Amino acid sequence: MAGKLNRRQFLIRSGMAGAGALSLPALLAACGGDEGGSGGGGGNSLFFENWPLYIDEETVKVFQEASGVSLKYTEAYNDNNEYFAKVQPSLSKGDKIDPDVIAPTFWMAARYVQLGWAQKLPVDKIPNIANLRDDLKGQPWDKDQEYNLPWQTGVAGIAYNMKTTGRELKSVEDLFAPEFKGKIGLLTEMRDTMGLVLMGLGKNISKLSTFDEAAEAFDKVEKAKNDGQIRAFTGNDYVDDLSAGNFAACVAWSGDVLQLTKDNPDVRFVIPEEGGTNWFDTMIWVKGSENSDAVAKWMDYVYDPVNAAKITAYVQYMSPVKGVQDELVKMGGEAAPLAEDPLLFPDEATVARLQSWGALSEEEEAKFDEAFAAITGA
Amino acid sequence: MVTLSLGVIALGAGWVAGPSAAVVAAAMLATVVGLVSVAFVGGLETRRALAPYGLLKPGILWLSLFFLAPLWSMVVMSLSSKESRFDFFPSFTWEWDNYRIALTDFRPQFLRSFGYAAVATLLTILIGFPLAYVIAFRGGRYRNILLGLVVVPFFTSYLIRTLAWGNILADEGPVVSIIDGLGLQGAFESLNIMDNGKLLNTPAAVIGGLTYNFLPFMVLPIYVSLEKIDPHLIDAAMDLYSSASAAFRRIVVPLALPGIFAGSLLVFIPAAGDFVNAQFLGNPQTTMVGNSIQDQFLRQLNYPVASAMSFVLMFIITIAVLVYTKFMGTEDLA
């Protein structure tokens, strides 16, 4: 990966662009785009819109040759909420959108499923679905694993700059330590930030269903903001502030920090002792798409551990596919050490500390989002 | 021309669906029909009298398509309500509550926006006037080069320049190191420019960013009005035993006022609606109304409240500009 633009750098740059007025033209452009379909026609083509740099460079080509499916793979999925805002006009009218498959973060995928904008996957034709990691199976919003198939998974924890903190951090409480006043960063991704704070207060986020149960954590963050403890709420650009020393510590995503530590050993990632938030981005089949054979072939292909390992070696997130660890060892070379990486394959004690958010009702989710928006000051 | 106009109308109506389409179509049709009928039916005199208005037609067509129609749909949206959060087509229900939310919940952001924009405007005058003065009166043959230097940085993207300030003002960046090195941190803290040893992510950084980003919009108009001043007027004042400062006060400044006026509008209006500086140079307690509108629109999917906020912003700015115009006058805009 050396010398190439990696996923993190890409996200930072596109984050800059996205944060500017540039998101609006994209939004308008989307309005005119209901026609066109996925090209090719028939059942033998597929359009997968995914997050930037979330796949290696071979897979798409090799898959096309092996399966005969013409796959269009784009990287225009940049932000859950903004993508939703972009496709909402078409999908709410019952029109189809261009991509057949997209990979929203799990809570957003749940929203698509609940709104009826995702269709049942051709599970019978995806034998490799058996390789799905057990802990990801049967989400509350998709108990029978009919609508979603995870793409990659990761953890939100705490990243810190040893040079600025001068000590190792272990706990969520460290984010609220007075010694780091004005040096703490939190993510604008509500679930990742609030998930950690809630766990710090001893709550179980997978069992949380109403805002009232979480209000305490929101008060805590609001107080920290008013005291000047929080320096900024950021998107993926937190990595810049972290390596520049503007942040002593911040809420961060595991894969990013793995990359960062390589260049700057002072930057460390820790899953706090109170726990870390587990998240996954998951493939869903968008309503209106008719390419069920191609969808099945693709999902089956990437759920083959041999193929999944190639993707993991490149993107360095936790794979949702069983057997990837062994395949990485077999691949040898640069990939082999990844099989030992505790952030890619955490031990059981660590896994036990991870929690993921349950599904929130539309009304409760709105309360969470509004309360969080009020705190971030926007 | 008539067919072309009708074509544009059809196209426009196709783009903006719903009630706004009707507004556009009506506005456009009225101008076309009116002018065409006058052209055929009216006498020579009326035709002559109305000819200038014919020249307005492209402008009117353009404005109805790209200004009136969006404005109308924004008004409608701002009075609508959503059944469900993911409802894309809110229904029009005279939902005045949207305006209450905009004015109460987002009051701090509005106040902050106008406050920051006002301070930034003052700063651009304080920095821009001497700069323009030197270029206009002392620039000599380097005038154009100096003017070019004012503008050159602005060939880079606005966003990139703002992000660059993030690096310059960073905690371990050059500016903070120099301040620390000179032992001036205390002084800056007492002036409220620094906060707890940091320069970035403070109100001062946001205002500084606004000032920097909008400075050319102040310098150029002031330069234009200063450049037009006949130096003989100043000589004449001196001949009449005026002191240099009196000549400056009573000749130069009044003649430069139109430039200052135009510059203030060009700086204040976009600065009040800006969200880039607050996003990258500010902290959670310095968000401006532009950030809130963006958040309501793209993250909360709350189009009605976002529209109401945009409308309030526009309204306040319009009033402010009208009041300002009343006192400053626009007869001689540079």
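**Figure 1. The two domains of chain B, whose C-alpha centres lie 37 Å apart.** In this predicted model, the domain assignment of chain B gives domain 1, which covers residues 2-78, and domain 2, which covers residues 101-328. Where the two domains of chain B meet, four residues of domain 1 are in contact with six residues of domain 2. On the side of domain 1 of chain B that touches domain 2 of chain B, three residues are nonpolar and one is polar, while no charged residue takes part.

**Figure 2. The packing of helix α5 against helix α12 in chain B.** Helix α5 of chain B runs over residues 107-138 and helix α12 of chain B over residues 244-273, and the two pack at an angle of about 145 degrees with their axes 9 Å apart. The way in which α5(B) passes α12(B) is a right-handed crossing. From α5(B), the contact is made by S113(B), F114(B), A117(B), A118(B), A120(B), T121(B), T124(B), I125(B) and G128(B), and these meet I260(B), G263(B), S264(B), V267(B), F268(B), A271(B) and A272(B) of α12(B). Sorted by class, the residues of this contact between α5(B) and α12(B) are 10 nonpolar and six polar, with no charged residue.

**Figure 3. N201(B), a residue with positive phi in a loop of chain B.** Although N201(B) is not a glycine, its phi is positive, at about 65 degrees. The loop that holds N201(B) lies between helix α9 (residues 185-190) and helix α10 (residues 203-227) of chain B. N201(B) has 29 C-beta neighbours inside 10 Å, and therefore counts as buried, since the cut-off for a buried residue is 20 or more.

**Figure 4. Q145(A), a residue with positive phi in a loop of chain A.** The phi of Q145(A) is near 55 degrees, which is a positive value in a residue other than glycine. In chain A, Q145(A) is found in the loop between strand β4 (residues 118-119) and strand β5 (residues 148-161). Because Q145(A) has 16 C-beta neighbours inside 10 Å, this residue counts as partly exposed.

**Figure 5. The two domains of chain A and the residues through which they touch.** Chain A contains 15 helices and 11 strands, and buried residues make up 48% of its 378 residues. Among the contacts in chain A between residues at least 6 apart in sequence, 79% join residues at least 24 apart. The chain is divided into domain 1, made of residues 7-153 together with 280-343, and domain 2, made of residues 155-277 together with 356-376. Between these domains of chain A, 11 residues of domain 1 are in contact with 15 residues of domain 2. On the side of domain 1 of chain A that touches domain 2 of chain A, the elements that give two or more residues are α1 and α5 (residues 106-114) of chain A, and α1(A) gives the most, with four residues. This side of domain 1 of chain A divides into eight nonpolar residues, two polar residues and one charged residue.

**Figure 6. Helix α7 packed against helix α8 in chain A.** Helix α7 of chain A, residues 190-200, and helix α8 of chain A, residues 211-226, have axes 9 Å apart and pack at an angle of about 105 degrees. This angle makes α7(A) roughly perpendicular to α8(A), because angles from 65 to 115 degrees are counted in that way. The residues that make the contact are M194(A), V197(A) and L198(A) of α7(A), which meet A214(A), A217(A), K220(A) and V221(A) of α8(A). Six residues of this contact between α7(A) and α8(A) are nonpolar and one is charged, whereas none is polar.

**Figure 7. G358(A) and the residues around it in chain A.** G358(A) lies in the loop between strand β11 (residues 354-355) and helix α15 of chain A. Leaving aside its neighbours within four places in sequence, G358(A) is in contact with P140(A), S206(A), K207(A), L208(A) and S209(A). With 16 other C-beta atoms within 10 Å, G358(A) is partly exposed. The C-alpha atoms of G358(A) and F84(A) are separated by 20 Å, and these two residues are 274 residues apart along the chain.

**Figure 8. The contact between chain A and chain B.** This contact takes 30 residues from chain A and 27 residues from chain B. On the side of chain A that touches chain B, the elements that give two or more residues are α1 (7-19), α4 (80-93), β7 (230-234) and α15 (362-376) of chain A. By class, that side of chain A has 12 nonpolar, 11 polar and seven charged residues.

Methods: Residues are numbered from 1 along each chain as its sequence is written. Chains are lettered from A and ligands numbered from 1 in the order in which they are written. This is a predicted model: local features need pLDDT of at least 70, side-chain atom pairs count only at pLDDT 80 or more; totals for chains, interfaces and linings use all residues. Axes are lines fitted to C-alpha atoms, for helices over the stretch in contact, and angles run from 0 to 180 degrees between N-to-C directions. Angles under 35 degrees count as roughly parallel, over 145 as roughly antiparallel, 65 to 115 as roughly perpendicular and the rest as oblique. Two residues are in contact if their C-beta atoms, placed from the backbone, lie within 7 Å. Ala, Val, Leu, Ile, Met, Phe, Trp, Tyr, Cys and Pro count as nonpolar, Asp, Glu, Lys and Arg as charged, and the others, Gly among them, as polar. Domain bounds come from an automatic or database domain assignment. A crossing is left-handed if the near helix is turned anticlockwise from the far one by less than a right angle, and right-handed if clockwise. A residue is buried if 20 or more other C-beta atoms lie within 10 Å of its own, exposed if 12 or fewer, and partly exposed in between; C-beta atoms are placed from the backbone.
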